[in-house]
Amino acid sequence: MTATLTPVKKRSALTKGQLPKSAPYLVLGIALVLGAAILALIGFNALGWGLVSAIIFAIGLVGWSAAVEGSRRAKDKLATCLVVGAFLVALLPLFSVIWTVLVNGLPGLLDPGFLTTSMNGVTGSFDNKSVEEGAPVLGGIFHALIGTLLITVLATIISVPVGLLTAVYLVEYGNDRPLARAITFFVDVMTGIPSIVAGLFAAAFFFAVVGPGTKTGAVAAVALSVLMIPVVVRSSEEMLKIVPNELREAAYALGVRKWRTILKVVIPTAISGIASGVTLAIARVIGETAPILVTAGFATSINYNVFGGWMASLPTFIYTQILNPTSPSNPDPSSQRAWGAALVLIILVMVLNLGARLIARMFAPKTGR
Amino acid sequence: MTTTSLTKSRGAGRAGDKVFSAATLAAGCLILAVLFGVALFLLIQAFPALVASPDEIQGGKGFVSYIWPIVIGTLIAAVIALVIATPVAIGVALFISHFAPRRLASGLGYVIDLLAAIPSVVYGAWGAAFLAKEISPAYNWLASNMGWLPIFQGPASATGKTILTAGIVLSVMILPIITSLSREIFLQTPKLHEEAALALGATRWEMIRMAVLPFGRPGVISAVMLGLGRALGETMAVALVLSSGALTASLIQSGNQTIAAEIALNFPEASGLKVNTLIAAGLVLFVITLGVNMIARLIITRHKEFSGAN
C-alpha cells in the first residue's frame, strides 16, 4: 500500500523538452576543463583559455539545446551567447588599458619629484646617465599639470556662461522657433566636430586676428571651448527641461519677473544636474591632445601666463615624450615619464567622472513623493 | 512702502527681463557664429594653399594629389573601426537593455561609459606600446595564410604599427558612442510590442528580431554614423599607433596616413605655406565629418518626430 504511494519522479509536462536549469553551469564547467586541456597542449595563456572555453561553451550549449529543445530555442541560446560574448569582448580593452597604464605608470608616479618638478633643463644626457649608471630619472610633470589646469579653467570660464545661457534660451525663450531649432541642430552637429579641427579653427582665428604663429594657452582654451560648449548646452538643456512647470507658474503667480524666476527658481532647482554636466564636460576636454598640440605648442618649463608663450599640458606631454623622447638613444626614461603622466591623467578623469555622479546625487532636488 | 518697492522693482525688473533675454539670445547666436566662424577662418587660412601653384605644395603635384591619399587612408581606418565596433556595440547595447539582470544594467552601462572617459592619448599609448606588440604574430599568420587577399598581403609589419592596429584602437574608442545611443533607442521600444511578441510564444531572440531591432534601426544607423564621424576625426590613436607612409592596399604593412594624424604630426613644426596646406586638410576633414554628422542628426530628428519618443 505504501509502495503505491511513493511519488514517482517524473518531469512535469510544462518543463518537458527543456534543458535542466543547471545546463549552462554544467556546460561551462566542461568547457573550462576542455579549454584548459587544449591550451595545455599548445601552450597556456589566460586569454586563449577564455577564448577557447567560450567557443566550446557556445557550441556545446547550442548543440545540446538544438538536440533537446529544437532549432528555435537553440537560436535563442546562440543569440544570448553572442550578446554576452560581445559584452565580455568590450570589457577586454577597458581592463587592458587600465592595467597597462597602472603597471607602466606606477614607477614614474612614485619617482620623487615627479609631481613637483618640470622638464626645464632635463636633457638627454641625464636620461642616458639614468639608464647607464642607474641614476634616478629626473624631470616631472609640474609644468604640464599647471598648463592643463590653467587651460581647462579658462575654457570652463568661457564655456559655462555661453552654454548655460544658450540652454536657458532654448528652454525658456525658444518656444520651438526656427532659430531655437537651428541652434539645437547645430549644437548637435558641433558635438561631432573633430577635436583637431577645433584646434585648427582656434589657431586660424588667432593667426588672422593677432598675428601668424600665435600659440598661447588662451588659444588652446578657445579651442577647448568649441568642444566643451555643445556638451554643456546639451546637458544643461536636459536638466532645465525637467524642472517642473508648476514651480515657474507659482513664481509668475507671485508676480516675479521671468528673469528672476529663471535665476532664483529654475536654475537653483536644476543646479545639481548642471554642475554634474559641467564636470563631465571638463572631464571630456581635459584629456584632449590634438587641439592643444596645434594651439599651445609644447613647453618644457613652467608658464603661468595663459596669454603669452607656449604652454605644456598633460596630454601633449605624454604625446611628445612618446613620439620624441628626450634622449633618442635611451627612450626608457621618457616612456616612464609618459606613462606616469598617463596614470595621473586617467586618475584626474576618473575623479571628475565620479565627482559628477556624486554631485548629481548629493545635490539632487527633493522631488517629493 | 509696498507700493514704492513695487514701482521700484518694476523698472529694474523690466530692464532685467530685456537684458537677460537678450543675453541668452546672444549666447545662442554666438554658437551659430562659432560654427560659421570655424568654416570661415579655416577657409581664409586654407585659401593660399588652395590657389598656390602645384610645385609649392608638399609632394610637388598640387593640393589634390597631396590630399587624396590621406582622405582614402582616413576612410580605410574609419571603415575598419566601424566593421569591428558596430556588431560588438549592438551586442553590448542589447545585453544592457534586454539581457542583463535589471539591477546590474545601469552599473554595466556605466562600465562601458568608462571606455569613453579614457583620454585618446592614453588609447594611443596603449595601442603603440601594448596592442601593436601583442598583435603582430597574428599579422604574420594572416600574411602567410591569407596573403592571397590584397588587404592581407605580406610581409607583415614587424612592429605591428599598421593601419589595422590603428583601426582596432579606433573601434575601441567609438564603441561607447554607438553603444550608449543604441541602448537608449532599444530601451524606448514600446513595451506592448515586446510583450505581444512574447505572448505569442516568441523566444527572447525572436522578440528582439521582431520588435526591438525594426524599431531601433534608424537610431542604430544614426549611432553608427556618429561613430563614423568620431572615427574620421580621431587624431591621437592614429598619430601614435600608425607608422605612416604612402597609400598601400595591405592593412598589415606599415603605410597609409589619415588627415587628422597628418595635421597633428606636422603642424607643430610647420611654417609658411605648409601651415596653410595643413589647415586646408583640416577644412576637408571638417567638411567630411560635418556631412556625416548632419545626415546622422537628420535621421535622429526625423525618427523622433514620428515615433513620439523624445
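Which residues in H9(A) meet which residues in H11(A)? In this predicted model, the H9(A) side of the contact is formed by A:Leu224, A:Leu227, A:Met228, A:Val231, A:Val232, A:Ser235, A:Ser236, A:Met239 and A:Leu240, and these meet A:Val266, A:Ala270, A:Gly273, A:Ile274, A:Gly277, A:Val278, A:Leu280, A:Ala281, A:Arg284 and A:Val285 in H11(A). Classified by side chain, this contact of H9(A) with H11(A) contains 14 nonpolar, four polar and one charged residues. An α-helix has 3.6 residues a turn, so residues three or four places apart point the same way.

Two packed helices are described by the angle between their axes and the distance between the axes. For helix H9 (residues 217–241) and helix H11 (residues 258–286) of chain A, the angle is about 150° and the axes lie 8 Å apart. Because angles over 145 degrees count as roughly antiparallel, H9(A) is described as roughly antiparallel to H11(A). The crossing of H9(A) and H11(A) is right-handed.

Elsewhere in chain A, the backbone of a loop was examined. Most residues other than glycine have a negative phi. In the loop between helix H6 (142–173) and helix H7 (178–191) of chain A, however, A:Asn175 has a positive phi, near 50°. A:Asp176, which lies in the loop between H6 and H7 of chain A, also has a positive phi, near 60°. A:Asn175 counts as exposed because it has 9 C-beta neighbours inside 10 Å, where exposure requires 12 or fewer; A:Asp176 is likewise exposed, with 9 other C-beta atoms within 10 Å.

Chain B is built from 10 helices and zero strands, so that its elements, read from the N terminus, run α-α-α-α-α-α-α-α-α-α. The radius of gyration of chain B is 25 Å, well over the 19 Å that the globule rule gives for 310 residues, and the chain is therefore more spread out than a compact globule. Taken along the principal axes, the C-alpha atoms of chain B fill a box of roughly 85 × 65 × 30 Å. Of the 310 residues in chain B, 48% are buried, and among its contacts between residues at least 6 apart in sequence, 77% join residues at least 24 apart.

B:Leu285, in helix H10 (residues 273–307) of chain B, counts as buried because it has 28 C-beta neighbours inside 10 Å. Leaving aside neighbours within four places in sequence, B:Leu285 is in contact with A:Pro194, A:Val197, B:Leu232, B:Gly233, B:Ile259 and B:Ala260. B:Ile259 and B:Ala260 are among the buried residues of H9(B), a helix (residues 259–266) that is mostly covered, with seven of its eight residues buried. B:Leu285 and B:Thr74 are 211 residues apart in sequence, yet their C-alpha atoms are 9.1 Å apart in space. By contrast, B:Pro214, in helix H7 (residues 204–233) of chain B, counts as exposed, with 12 C-beta neighbours inside 10 Å. The C-alpha atoms of B:Pro214 and B:Leu285 are separated by 33 Å, although the two residues are 71 apart along the chain.

The contact between the two chains takes 68 residues from chain B and 69 residues from chain A. On the side of chain B that touches chain A, the largest share, 21 residues, comes from helix H1 (residues 2–51) of chain B. By class, that side of chain B has 48 nonpolar, 16 polar and four charged residues.

Technical notes. Residues numbered from 1 in each chain as written. Chains lettered and ligands numbered in written order. Predicted model: local features only at pLDDT ≥ 70, side-chain atom pairs only at ≥ 80, totals over all residues. Helix = DSSP H or I, 4+ residues; strand = E, 2+ residues; numbered from the N terminus. Buried ≥ 20, exposed ≤ 12 C-beta atoms within 10 Å, placed from the backbone. Contact = placed C-beta atoms within 7 Å. Nonpolar A, V, L, I, M, F, W, Y, C, P; charged D, E, K, R; others polar. Axes fitted to C-alpha atoms, helices over the stretch in contact; angles between N-to-C directions. Parallel < 35°, antiparallel > 145°, perpendicular 65-115°, else oblique. Left-handed = near helix turned anticlockwise from the far one by under 90°. Rg over C-alpha atoms; globule rule 2.2 N^0.38 Å.
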